[in-house]
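Thank you all for making time this morning.

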Amino acid sequence: MITANKPEFIQESKLFCEHIGMNPKEIPYPQKILSPDELRNKREEYEEILSVVSFFGEKILHHLKGTPLLLSVSNDTGFILHMMGDETIKKTINQLGISSGVQFTEASMGTNVVNMALKYNQSPIQLIGDDHYHEYLHESACYAVAFHYTDVNDLLGSLVIMTAKEFQNPMLLTMLATTVDSIERELLLRKQNRKLNILNQIIMDNTRNGIILTNRDGEIITFNQYAELFTGKSKEDMLGTKVQQLASMGEYIYEVIQNGKTFEDVQMTFEQSSTEDRLVCLFDAYPLYDEKKQLLGAFGQFRSITERVRAEERYNYLANHDDLTKLPNRRYYMNRVTQLIQQTQAADHQVAIVCLDLDRFKIINDTLGHSSGDLILIMVASRLQDILEPGEFVARMGGDEFMFVFSNITREEQVLDRVKAILHIFNMPYNLNGYEFHLTASAGISIYPKDGDNLENLMITADTAMYSAKNRGLNMYALYSPDMNISTREKMALESSLRKAIENNEFRLYYQPQVDIRSGEIKGVEALVRWQHPTKGLIPPNDFIPIAEETGLITQIDRWVLRTACMQNKKWQDQGLPPFRVSVNLSSQEFLDDALVDVVKNVLDETGLEPKYLDLEITETMTMNVNHAIPMLRNLHSLGIQISMDDFGTGYSSLNYLKNFSIDRLKIDQSFVRDIGNGSNGTNIVSIIIAIAHSMNLEVVAEGVEEKEQLRFLQIQKCDEVQGYYFSPPLPGEEFDKSFLDLMSRMKKLY
């Protein structure tokens with residue numbers, strides 16, 4: 001019989017049971033009971049949920065100890081997955097056919113809390129006594145609350161308390177609802193933690209940094225795949241182990257944990273035994289604290305700089321080795337021999353410098369072609385290298401000139417014997433394309449310290465001795481002697497003429513355009529000095545600049561060039577030409593003069609040229625004294641002028657210091673540009689220089705562009721500007737402004 005004062009959902013359920021013909025006096029039999037395998041699978045699916053429910057269920061049973069209670073957990077379709085609590089109640093209901101694996105539905109089990117809680121899943125349910133449809137439950141009190149994943153309102157199942165009717169208590173339903181809230185929060189937290197762990201794993205495994213995390217005891221708790229790559233150790237082997245097992249970086253991390261230290265940008269190299277390769281990284285390590293400043297553990301990170309280091313090493317190799325023969329080049333030779341001389345100063349030894357030049361090599365190039373000449377140079381270099389003994393090395397200085405150095409020399413006879421052996425290798429014929437021919441060479445010898453107190457003087461005297469040997473015939477050698485020097489009278493006459501040239505204003509400036517590689521517009525011009533000798537005609541700078549530097553006249557020439565170039569540029573602007581910069585080359589003497597900044601400022605004030613239209617060009621060698629170079633460049637730059645580093649890649653350079661120099665652009669030496677497209681390493685050097693410059697926010701100007709192929713390559717590499725005979729030779733100032741429009745038009749077509 002249905003009582004009218006029962007809750008509406010109970011009345012509806014009992015009417016449904018009557019309608020389908022259920023007998024309240026009979027014990028119902030479930031329509032579906034899971035097999036042991038099916039039950040085991042269901043429990044595995046609910047493993048985490050069951051563990052959480054069991055944890056909080058044990059707390060309920062503990063708090064209500066002494067009250068006979070049975071807790072049951074169902075899934076979202078009403079299958080009982082787990083029971084816990086009073087064994088008497090459990091045994092009784094088992095005898096009635098209720099156990100784990102039974103499905104509670106309204107159609108098979110009548111009015112029950114499992115089904116009601118799932119059906120009305122937003123409200124707690126209680127059935128006391130005859131609230132149940134079947135009489136076998138009239139002596140029981142049952143309470144149930146559904147639980148969900150609250151973030152998506154995803155129904156997971158229900159939690160049920162069953163007890164004897166005499167132990168009914170409304171607080172049981174309140175306690176059950178509170179427990180379900182705790183269960184839902186815990187399940188949501190675990191779900192969110194899984195998402196965070198997945199996201200963290202994605203980040204950890206997709207970052208290109210190696211990451212290691214430890215707990216406060218120094219045990220590794222995170223070890224991502226890039227940490228595996230860098231260290232060569234697997235994640236499985238490292239998790240849970242002490243961080244000290246990671247050799248050097250482990251010691252850093254352990255120091256972080258023990259003393260709270262931090263480390264940044266510690267360079268480390270990891271050898272990869274499987275590939276015989278190496279990885280270079282910057283390593284950081286610092287402690288991790290919670291909100292109470294309690295140590296949680298340590299964080300270690302590797303950032304790979306392998307590609308940058310390889311690029312620098314490649315650049316340094318290319319900058320120190322000859323493209324064609326792979327021998328050390330002039331730059332390496334000068335650095336290395338300078339070191340040998342410094343070492344020898346403290347010992348009772350001598351250093352011998354040998355300059356070797358191939359005889360009549362120009363004839364080979366003219367008759368067989370430069371490609372054949374290059375092959376011969378490669379063969380010569382190979383023979384020269386094969387004859388070297390310990391403590392010796394040979395470098396290609398350019399063209400067909402090679403330089404040897406012999407250290408730890410005690411007698412001149414030692415050097416003479418070695419030079420004879422070197423020249424002896426030319427007795428064997430060379431084979432080229434099936435043809436045999438003989439080649440000879442001449443050698444000049446100078447010995448430190450008697451023939452020069454520094455490398456530059458030794459190279460000059462060795463070169464002088466080599467030309468003396470050539471004058472005596474082919475395949476000869478000569479020791480330097482002072483009488484081989486150029487006549488002092490001739491030198492004095494040339495110096496006197498040079499002094500008169502300054503007084504008589506015999507110098508002329510020529511201007512070569514620097515062209516924007518993207519638009520073909522003129523961005524600047526380089527001012528190049530020439531000597532208009534009254535009887536010998538136009539003399540190029542290579543013939544008089546060395547004497548000017550030696551006599552100290554170069555400073556006067558430099559300042560004349562600076563003032564004249566600024567005046568000319570201001571004049572062009574006043575005539576209506578579009579404004580562009582003028583580049584002026586500085587000599588080493590001028591750059592080392594502390595008065596340079598004032599000189600430049602005064603010239604700008606005198607000529608009225610805006611500072612941004614003046615560009616001063618220095619060479620790499622000038623920056624060797626970084627203690628002078630860095631403040632000097634900074635002070636010059638503060639005037640508002642621009643600064644370029646000329647002939648980059650041919651002299652002394654340090655990438656570590658380059659970033660500290662206040663410069664605007666690098667100029668790639670024409671020797672590298674000339675090799676573009678001929679299969680040599682010049683192409684690689686150009687690419688590397690452009691990449692390095694752009695990474696430092698510097699512009700790049702390529703000198704010596706003479707062919708369209710070179711221009712196209714530089715455009716592809718995103719060089720900024722070019723200059724060379726492809727667009728225009730250097731032009732006198734008056735010719736430049738008269739032909740400016742025609743020059744611009746021609747450049748546009750060539751571009």
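In which helix is T607 found? T607 is found in helix α21, where helices (H or I, at least four residues) and strands (E, at least two) are DSSP runs numbered from the N terminus. Before I go on, please keep in mind that this is a predicted model, in which local features need pLDDT of at least 70 and side-chain atom pairs count only at pLDDT 80 or more, while totals for chains, interfaces and linings use all residues. Residues are numbered from 1 along each chain as its sequence is written, and side-chain values use heavy atoms, with hydrogens and water left out.

Is T607 buried or exposed? With a relative accessibility of 13%, T607 counts as buried, a word that means under 20% relative accessible area, with exposed being over 50% and partly exposed in between (1.4 Å probe, protein chains only). Leaving aside neighbours within four places in sequence, T607 is in contact with R563, C566, M567 and K570, contact meaning heavy atoms within 4.5 Å. The C-alpha atoms of T607 and A565 are separated by 9.7 Å, although these residues are 42 apart along the chain.

That brings us to α19, which covers residues 554–574. The buried residues of α19 include I554, I557, V561, L562, A565, C566 and W572. Seen down the axis of α19, the buried residues fall within an arc of 165 degrees, so they line one face of the helix; the arc is that of the directions from the helix axis to the C-beta atoms. Just after α19, G576 takes a positive phi of about 100 degrees.

How do α19 and α21 cross? Their axes come within 10 Å and cross at roughly 30 degrees, where axes are lines fitted to C-alpha atoms, for helices over the stretch in contact, and angles run from 0 to 180 degrees between N-to-C directions. The crossing is right-handed, the term for a near helix turned clockwise from the far one by less than a right angle, with anticlockwise being left-handed. The contact is made by R559, L562, R563, C566, M567 and K570 of α19 and by V599, V600, V603, L604, E606 and T607 of α21.

Finally, a few backbone details. N505, in the loop between α17 (488–503) and β18 (507–516), has a positive phi of about 55 degrees although it is not a glycine, and N505 is partly exposed, with a relative accessible area of 42%. K718 likewise has a positive phi, of about 65 degrees, without being a glycine, and K718 counts as exposed at 62% relative accessibility. The peptide bond from Y448 to P449 is cis, with omega near 10 degrees.

Technical notes. The expected span of a helix is 1.5 Å times one less than its number of residues.
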